[in-house]
Amino acid sequence: MTTYVLVPGGHMGGWLWRDVAERLRERGAGACAATLTGLGDRRHLASPETDLETHIEDLVQLIDHSDAPEVVLVAHCYGSFPALGAADRRPERVSRIVYVSAPLPMEGYSVHGLVREFEPDPVVRDGWRQRAEQAEDGWRIPPPSLDDVQAWNSVAGVPVDALTRLVRLAAPQPLGTLTRPLRLSGAAAHLPTSGVFCTGTGMNIAMVESLVRSGEPRFRVLTEPHVTFFELDTGHWPMLSAPDALAGVLLRAAAGEGQRVTA
């Protein structure tokens, strides 16, 4: 039986994955939705010391306490950073990493560092910088408002009640989770990996092909034979807008399906 560890993105808890987890279990898979320290119903555990390493250790402990010999790590948005960090520490326990509408983490970069270095839009860069500078007590980034959620990324297909719940349950994000660089040993470099693009956000496989053709060395990894891609015709929150379709893609990814991109 394939077992999935579902990792939420920034400000979110494991509750975000409820519908997808149910559908995976209905189809015979195991599913565990992670709630990282300081988020979801663990928000009361946040402190100025909560950082990316804290979230990596959350997932390492979850993997260590799983009865499954291997798990598929599924990460949404910010969750890609702690997911890759955990896979790097427990590569023998991870059969695949699946990134869902998520950035590609890189050794030596934090989330903020990745935005600062590679985000071409100065308005987006300034927005990330300003939110960090305005963190409450110097370490808590306030949860997004409804206007923020709608402005930052596509909410296509998300029912109104689900969007309301998302905003209500969003937690402050500890600043250190976004500013501490990801440190990797390289142990997870060749783990099977899948990317799920939500086309409502403007990302798709054709864009990956274009990035690869640019010759930029950091995109070379996207052509490796262990890397595959999928597209979903929805917005940034497919676990809320298209849980059936997303569960189906996760099952196909675990089976080794998906489209490859070649150099």
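Which residues of α3 are buried? They are Ser-80, Phe-81, Pro-82, Ala-83, Leu-84, Gly-85, Ala-86, Ala-87 and Asp-88. The model is predicted. Helix α3 is mostly covered, with 9 of its 10 residues buried. Those buried residues pack against α2, β3, β4 and α4 (111–118).

## Helix pairs

Two packed helices are described by the angle between their axes and the distance between the axes. Two such pairs are set out here.

| Pair | Angle | Axis distance | Handedness |
|---|---|---|---|
| α2 and α3 | about 55° | 8 Å | right-handed |
| α4 and α5 | roughly 145° | within 9 Å | left-handed |

Take the pair of α2 (residues 52–64) and α3 (residues 80–89), packed at about 55°. That angle makes α2 oblique to α3. On the α2 side, the contact is made by Leu-52, Glu-53, His-55, Ile-56, Leu-59, Val-60 and Ile-63. On the α3 side, Phe-81, Pro-82, Ala-83, Gly-85, Ala-86 and Arg-89 take part. By class, this contact holds 9 nonpolar, 2 polar and 2 charged residues.

Glu-53 belongs to helix α2. Beyond its neighbours within four places in sequence, Glu-53 is in contact with Arg-89 and Arg-180. Arg-89 is also one of the α3 residues in the contact with α2. Asp-233 lies elsewhere: Glu-53 and Asp-233 are 180 residues apart in sequence and 33 Å apart in space, C-alpha to C-alpha.

Now the pair of α4 and α5, whose axes cross at roughly 145°. Helix α4 contributes Val-111, His-112, Val-115 and Arg-116 to the contact. Helix α5 contributes Arg-125, Trp-128 and Ala-132. These residues divide into 4 nonpolar, 1 polar and 2 charged.

## The sheet

What is the strand order of the open sheet? Its 6 strands run β2-β1-β3-β4-β7-β8, with parallel pairing. The edges are β2 (30–33) and β8 (227–232). Each edge strand has a single partner, so one side of each is left without a neighbour in the sheet. On average, neighbouring strands are turned by 20° against each other, direction ignored.

Two pairings can be followed in detail. Strand β4 (residues 94–100) runs parallel to β7 (residues 193–198), and 4 bridges join them. Val-100 has Val-196 as its bridge partner in β7. Next along, β7 and β8 pair in the parallel sense over 6 bridges. Here Cys-198 stands opposite Leu-232 in β8.

Strand β8 is an edge strand with a single partner. Is β8 enclosed or open? Of its 6 residues, 5 are buried, so β8 is largely enclosed by the rest of the structure.

## Helix α11 on the sheet

Helix α11 (residues 243–254) packs on the sheet. It touches β1 (3–7), β3 (71–76), β4, β7 and β8. The direction of α11 makes about 165° with that of β8.

Ala-253 is found in this helix, α11. Why does Ala-253 count as buried? Its relative accessible area is 0%, and buried means under 20%. Leaving aside neighbours within four places in sequence, Ala-253 is in contact with Arg-96, Val-98, Ser-194 and Phe-230. Ala-253 and Phe-230 are 23 residues apart in sequence, yet their C-alpha atoms are 8.4 Å apart in space.

Most residues other than glycine have a negative phi. Two residues depart from that.

His-11 has a positive phi of about 70° although it is not a glycine. His-11 lies in the loop between β1 and α1 (18–26). Its relative accessibility is 10%, so His-11 counts as buried.

Asp-137 has a positive phi of about 60°, and it is not a glycine either. Asp-137 sits in the loop between α5 (122–133) and β5 (140–141). Is Asp-137 buried or exposed? At 61% relative accessibility, Asp-137 counts as exposed.

Key
Residues are numbered from 1 along each chain as its sequence is written. This is a predicted model: local features need pLDDT of at least 70, side-chain atom pairs count only at pLDDT 80 or more; totals for chains, interfaces and linings use all residues. Side-chain values use heavy atoms; hydrogens and water are left out. Axes are lines fitted to C-alpha atoms, for helices over the stretch in contact, and angles run from 0 to 180 degrees between N-to-C directions. Helices (H or I, at least four residues) and strands (E, at least two) are DSSP runs, numbered from the N terminus. Angles under 35 degrees count as roughly parallel, over 145 as roughly antiparallel, 65 to 115 as roughly perpendicular and the rest as oblique. A crossing is left-handed if the near helix is turned anticlockwise from the far one by less than a right angle, and right-handed if clockwise. Contact means heavy atoms within 4.5 Å. Ala, Val, Leu, Ile, Met, Phe, Trp, Tyr, Cys and Pro count as nonpolar, Asp, Glu, Lys and Arg as charged, and the others, Gly among them, as polar. Two strands pair if DSSP finds at least two bridges between them. Buried means under 20% relative accessible area, exposed over 50%, partly exposed in between (1.4 Å probe, protein chains only).
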